[in-house]
Amino acid sequence: MLRSLSDLRQFTISATDGILGSVRDGYFDERSWTVPYVVAQSPGLPFRRKLVAPAILQSSESNPVLHRIGLATKEIPDDTGAGETRDSHLRSLSALIGYTVESEDGEIGHVDDLLIDDRTWAIRYLVVNAEKWCPDRRVWVSPQWLIPVTRDGSDTLFSIVVGLDHDPARSAPPARHTIPCRPGRIEPLFDSTRPGPPGAMPSPSRSG
């Protein structure tokens with residue numbers, strides 16, 4: 001199942017000796033776009049943040065937002081803000097929200113949310129508000145289509161990899177979409193306003 005970052009923030013994690021806290025963030029490996037840790041924060045102890053491997057979470061049948069782990073609180077490592085320095089390839093999930101996404105011919109918009117596969121804990125898609133291309137339109141972008149761009153010490157931007165396959169059948173906007181835009185620009189991306197599973201996305205390919 002694909003879960004958004006906002007879904008994950010509804011999770012409460014229980015250790016063997018009591019409630020550990022709610023998921024507030026996580027870390028992903030920028031090489032594989034997988035999530036090795038989520039960060040649980042105690043409401044009563046806001047400065048206590050724990051790193052939990054999501055693979056060991058066990059969901060409760062009676063309460064879908066409650067997830068248990070077979071460890072005591074003292075057995076779970078703290079996240080003291082050093083999560084990214086422990087491994088130079090780890091980045092905060094929440095830091096992705098708001099990032100600019102652009103293509104070779106200009107800015108598309110910004111990242112609104114993430115969709116994470118809760119079986120493999122891989123980030124499958126970035127949910128991008130394509131405000132610069134089509135107002136009120138959101139698209140799902142696979143991390144495999146992205147390359148990082150840094151300009152003059154500024155924050156990293158993401159650029160869509162050029163050469164995505166185009167499917168002419170997908171070029172028309174939905175009938176209920178009445179705001180003028182350039183649907184051909186949205187065409188290579190998975191349009192989240194259209195019905196159909198993410199598996200229907202066109203496969204990216206590099207031109208050359």
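A nonpolar core is here a set of buried Ala, Val, Leu, Ile, Met, Phe, Trp, Tyr and Cys residues that are joined through side-chain atoms within 4.5 Å. In this predicted model, the largest such core holds 34 residues, and the members that touch the most other members are Ile13, Val52, Ile123 and Leu126. Two or more residues of this core come from each of α1 (5–8), β2 (12–15), β3 (18–29), β4 (34–41), β10 (106–117), β11 (122–129) and β12 (138–141). The element that gives the most is β10, with four residues.

When residues up to four places away in sequence are left aside, isoleucine 13 touches Ile19, Leu20, Gly21, Val23, Val38, Ala40, Val52, Leu57, His67 and Ile69.

Is aspartate 25 buried or exposed? Aspartate 25, which is found in strand β3, has a relative accessibility of 10% and therefore counts as buried, because the cut-off for a buried residue is under 20%. Beyond four places in sequence, aspartate 25 touches Val38, Val39, Arg49, Ser92, Leu93 and Ser94. With serine 94, the side chain of aspartate 25 also makes a polar contact of 2.8 Å. Leucine 8 lies 17 residues from aspartate 25 in sequence, and the two C-alpha atoms are 8.4 Å apart.

For the chain as a whole, three helices and 15 strands are assigned, and buried residues make up 43% of its 208 residues. Of the contacts between residues at least 6 apart in sequence, 50% join residues at least 24 apart. The chain exposes about 10900 Å², of which carbon and sulfur atoms supply 50%.

The average pLDDT of the chain is 74, and 69% of the residues score at least 70.

| Stretch | pLDDT | Contacts beyond four places in sequence |
|---|---|---|
| Residues 162–180 | under 50 | 44 contacts |
| Residues 193–208 | under 50 | 38 contacts |

Where pLDDT is low, the predicted coordinates should not be read in detail. The model does place 44 contacts for residues 162–180 and 38 contacts for residues 193–208, but pLDDT stays under 50 over residues 162–180 and over residues 193–208.

Technical notes:
Residues are numbered from 1 along each chain as its sequence is written. This is a predicted model: local features need pLDDT of at least 70, side-chain atom pairs count only at pLDDT 80 or more; totals for chains, interfaces and linings use all residues. Side-chain values use heavy atoms; hydrogens and water are left out. Buried means under 20% relative accessible area, exposed over 50%, partly exposed in between (1.4 Å probe, protein chains only). Contact means heavy atoms within 4.5 Å. pLDDT is the predictor's confidence in each residue, from 0 to 100. A polar contact is a pair of N or O atoms within 3.5 Å; within protein, one must be able to donate a hydrogen and the other to accept it, and residues adjacent in sequence count only if both atoms are side-chain atoms. Accessible areas come from the Shrake-Rupley method with a 1.4 Å probe; for residues, only the protein chains shown count as cover.
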